Amino acid sequence: MNFIFSIFHLISWVVFIYLASNTCYLFLIAVCGRLIKVKKYTLADEKYRIAILIPCFREDLIIRDTAEQARAHDYPEDRFTVTVIADKLKQETVEGLRQIPVEVLAVDLNMKSRSLHAALETQRVIDSDIVMILDADNIMARGCLEKVNAAFHTGLRAVQCHRTAKNKNTSVALLDAMSEEININLFRRGPAVAGLSAAPIGSGMAFETAIIREIFSSAEILENAGEDREIDMQLMVRGIKMEFLDDAFVYDEKVASARVFEKQRIRWLEAQVNHLKRFFDDDIKKAPKTFLFFNKFFQNLLLPRVLTLVVFCLVTCLLGIDYFFQWSLVKPKPDIWIIMMSLYLLTLLISIPRSFYNHQTLIALSRVPVLMFSMVKAVFSNEKKAERIYTYSKVIYHR
């Protein structure tokens, strides 16, 4: 029996140290994101040439509205172009887009990174100064490109705009919108004001044309999903910090169903596992071991939020068992665990904008246990996914 208790003690200490380090890091970043103001840039008279790229895969129902609004954006008409990268769009959709008019690049590549690479090799993009990447459901708020232009006039080479929800019509969409804002504070605003590099989201991001073309010429980004994480890696290798533009809004359609939410989170977890392994590839290992490098490595070690809450629930159950049977399975003491879990919840509360503190959010939060169970079930629903989680654990162990 003592041997079993010793095993439980060892495991619980390892889990506690891992989660405590996660929590302390995120808490400090969250506080920075809330207390330090994000830098704003003075609008510039000179207007850079901006190429807007919108990769689109079988999204015929929404792409026309997105393209129309992008083409009508309030930036000098002769200083920006809009290109829709049409992957398996219907012919009538393509013809409708050309009548807006916007450029349409028809491809059959089945991968966002390859579609972007194809567009980046076109002359229209090569002649631009800045490349702005949007998703097929993204709408830029008024003044967005002006703020991007102003930021690049200060010498910046990569910026992430403030992607925010344009719909909160279901409980899942509301939770997804809230999750987006938490991520904004923890991985974009917070790091940026702390002097670190904001993490790209995947859309609503702009780059110096030469840099993004160079990044999308690498084999790694063309062969793997999760191009935003690979962009993050490549910027880190080059010592380029990504700025966060808090007041340059890009509206994004949030997922409305639990099934889509589940698939999205599983895809993100897979991308995190793959890019954690990238740190052990030769090209990344040769990168300068700066604070930026170690910060990005630690970010990839962070346990996803839903899985963190699942672990906290399991620990709470074990603490309850300890109390009921007067055992001592879990270490350290319950008080220490409670303090750490409270600090993690405080981190999330700090990162949630005040606009979410309402009755609708309380109703939406009642769906969290269902979503947590759904994600855990999806992770371990088949052998292949279980192997991915094992790989994630193995990579952390060997580090």
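Modeller: A residue is called buried when its relative accessible area is under 20%, exposed when it is over 50%, and partly exposed in between (1.4 Å probe, protein chains only). This is a predicted model, in which local features need pLDDT of at least 70 and side-chain atom pairs count only at 80 or more, while totals for chains, interfaces and linings use all residues. Residues are numbered from 1 along each chain as its sequence is written, and side-chain values use heavy atoms, leaving out hydrogens and water.

Let us begin with Lys296, which lies in helix α13 (residues 291-301); helices (H or I, at least four residues) and strands (E, at least two) are DSSP runs numbered from the N terminus. Lys296 counts as buried because its relative accessibility is 3%. Not counting residues up to four places away in sequence, Lys296 touches Ser197, Ala198, Ala199, Asp232, Met236 and Phe279, where contact means heavy atoms within 4.5 Å.

Burial can also concern a whole element: in helix α6 (residues 144-152), eight of the nine residues are buried, so this helix is largely enclosed by the rest of the structure. Among these buried residues of α6 are Cys144, Glu146, Asn149 and Phe152.

Strands pair if DSSP finds at least two bridges between them, and β4 is joined by four bridges to β1 (residues 50-57), running parallel, and by four to β7 (residues 205-208), running antiparallel. Within β4, Met132 is the bridge partner of Ile52, whereas Ile130 has Glu208 of β7 as its bridge partner.

Finally, there are the nonpolar cores, each a set of buried Ala, Val, Leu, Ile, Met, Phe, Trp, Tyr and Cys residues joined through side-chain atoms within 4.5 Å. The largest has 40 residues, and Leu26, Phe312, Trp337 and Met340 have the most contacts inside it. Two or more of its residues come from each of α1, α7 (171-193), α14 (305-325), α15 (334-351) and α17 (368-379), with the largest share, eight residues, given by α1. Leaving aside neighbours within four places in sequence, Leu26 is in contact with Leu186, Phe187, Leu302, Tyr344 and Thr347.
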